[in-house]
Amino acid sequence: MSAGTSAGAPQGAPVSTGSALGEPCLLLKLGEVVLKGRNREIFERRLQANIRAALREFDFTPDVRQRHGVIAVFLPAGTTVETADKVARRVADVPGLVWIHRAWRVAKTPEAVTKAALALVEGREEIQRKATFAVRSRRRDKRFPLRSNELDRLVGGEINDIYGLPVDLRDPELTVFIEVDRDEVFVFTDGIPGQGGLPVGMSGRALVLMSGGIDSPVAAYRMMRRGMRVDFLHFSGIPFTTSESIYKAYALVRALDRFQGRSRLWVVPFGKAQQSIKASGQDRLAVIAQRRLMLKTAEEVAHRIHAGALITGDSLGQVSSQTLQNITAQDNAVDLPILRPLIGMDKTEIMAEARRIGTLEISELPDEDCCTLLAPRRAETRAKIEDLKQIERRLDAEDLAVQLADSIQEYKLQE
Ligand SMILES: Nc1ncnc2c1ncn2[C@@H]1O[C@H](COP(=O)(O)OP(=O)(O)OP(=O)(O)O)[C@@H](O)[C@H]1O
């Protein structure tokens, strides 16, 4: 869906201040933030800061303002329609928002509102085909001289008179929205859906165990959307594999960075540790033993970066390491909580989400993952914790995890 590109002004034309349309801006609808009680202001402030940070890539500084229950982003006079749409699409990545409207800010008079609504409708393709329409007004400021239904009738009557479009209040093809605020009125038609959820930074920090696969990027996204700031840890099979899996992890982190900014990726050279596990001779337990060592290493790194939880892309029953017994055996390896946002999702649902957030294509590229080094013919589906602890005693796993955490390398994201 477009962010309102068909709204009146031609593509490429500057949407100048003082036109019938008013001043260009975005009107952002908040998600769950509006359900917060006394903390609401803290959530709103965080959301505004995240929006400002996301918009730093533009060569102007948009004016981000809290209005009653919504956030308005005012754009400089002369902003083109394309730029306004680009800003809208960028803002749509910021968790915490449910709807992004490219709107026009007009003076608080019925005349200015009517003029803007007519200018918005003018030139739209719906006029040619005499599509149905409706006007939906909301008054957040009750001092406006007309009630919502009176404003609907006034503006709707004008559109009907001038363009001859039929009204359909139940299921209109075109809707003109009018929102009366304390200082101004916003008029708009289309919008793009936001990510929903909560502003990143409101739910603490966590460390994602990030493979090059389909699931862990989706798990990361899901937790960012619940307000977590996440860092990424990838285990590579180096020196026994190529660097392909690292490039994939890097590309995935880059793709996910637009939801939070300032993402950090660390890579653990894990090949030698895997060989030690293999040498223990417990073929069927190797995958779970390896997963426990990954978790122990991740816990050590998490302590160092002050992360309060680990995140994995496990989904119950998807592969042998994800049976209930094996998940229990993994939880037992660490004290930090392991968050598994995909635990109840089907693979098709996870893939659909990966496609939507733009990580599926990257995940599907071929690579030589470290896990291929340890692929037993038959993996244990009911790992016993005591057996795993025995392997770990031989490996001196606690010490090994600290050494592995010492060996991590940061891969900085290019601007
Ligand atoms: N090389 C790795 N580096 C970091 N984390 C990993 C790695 N391999 C697995 N994990 C973590 O363990 C979880 C389960 O991995 P597993 O390979 O069993 O399942 P998967 O369904 O293939 O997951 P994914 O699609 O995320 O690779 C992953 O989602 C990820 O969080």
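Of the 415 residues of the chain, 45% count as buried, a class that asks for 20 or more other C-beta atoms within 10 Å of a residue's own, with exposed meaning 12 or fewer, partly exposed lying in between, and C-beta atoms placed from the backbone. This is a predicted model, in which local features need pLDDT of at least 70, side-chain atom pairs count only at pLDDT 80 or more, and totals for chains, interfaces and linings use all residues. Residues are numbered from 1 along each chain as its sequence is written.

**Overall layout**

- The secondary structure comes to 14 helices and 14 strands; helices (H or I, at least four residues) and strands (E, at least two) are DSSP runs, numbered from the N terminus.
- Taken along the principal axes, the C-alpha atoms fill a box of roughly 85 × 40 × 40 Å.
- Among contacts between residues at least 6 apart in sequence, 81% join residues at least 24 apart; a contact here is a pair of residues whose C-beta atoms, placed from the backbone, lie within 7 Å.

**Two domains**

- The chain is divided into domain 1 (23-193) and domain 2 (205-411), with bounds that come from an automatic or database domain assignment.
- Taken over C-alpha atoms, the centres of domain 1 and domain 2 are separated by 43 Å.
- Where the domains meet, four residues of domain 1 are in contact with five residues of domain 2.
- The side of domain 1 that touches domain 2 has three nonpolar, no polar and one charged residues. In this scheme Ala, Val, Leu, Ile, Met, Phe, Trp, Tyr, Cys and Pro count as nonpolar, Asp, Glu, Lys and Arg as charged, and the others, Gly among them, as polar.

**A parallel strand pair and its crossover**

- Strands β5 (residues 133-139) and β6 (residues 174-180) run parallel and are joined by seven bridges; two strands pair if DSSP finds at least two bridges between them.
- To find your place in this pairing, look at A134, whose bridge partner in β6 is T175.
- Together with helix α5 (residues 148-163), β5 and β6 make a left-handed β-α-β unit. For handedness, a crossover is right-handed if, with the strands pointing away from the viewer, the path from the first strand over the helix to the second runs clockwise.

**Annotated positions**

- An unreviewed UniProt entry places the feature "binding site" at L209, M210, H234, F235, R291, G313 and Q322. The UniProt positions are given in the numbering used here, feature names are shortened, and annotations may be inferred rather than shown by experiment.
- F235 sits in strand β10 and is buried, because 29 other C-beta atoms lie within 10 Å.
- Q322 is in the loop between β12 (310-311) and α10 (324-331).
- Leaving aside neighbours within four places in sequence, Q322 is in contact with D314, S315, L316, G317 and I327.

**Two buried residues with partners along the chain**

- P95 lies in the loop between α2 (81-91) and β4 (97-106), and P95 counts as buried because 24 other C-beta atoms are within 10 Å.
- Not counting residues up to four places away in sequence, P95 touches Q195, G197, L198, P199, V200, M224, R225 and F259.
- P95 and G31 are 64 residues apart along the chain, and their C-alpha atoms are separated by 8.8 Å.
- E299 belongs to helix α9 (residues 286-304) and is buried, with 21 other C-beta atoms within 10 Å.
- With residues up to four places away in sequence not counted, E299 touches L310, V334 and L336. The C-alpha atoms of E299 and L336, 37 residues apart along the chain, are separated by 6.8 Å.

**Backbone details worth a look**

- I238 and P239 are joined by a cis peptide bond, with omega about 15°. P239 is found in the loop between β10 (229-236) and α7 (244-256).
- R262, a residue other than glycine, has a positive phi near 50°. R262 is placed in the loop between α7 and β11 (265-269) and counts as exposed, because it has 10 C-beta neighbours inside 10 Å.
- D396 also has a positive phi in a residue other than glycine, with a value near 55°. D396 is found in the loop between α13 (385-395) and α14 (397-406), and its 11 C-beta neighbours inside 10 Å make D396 count as exposed.
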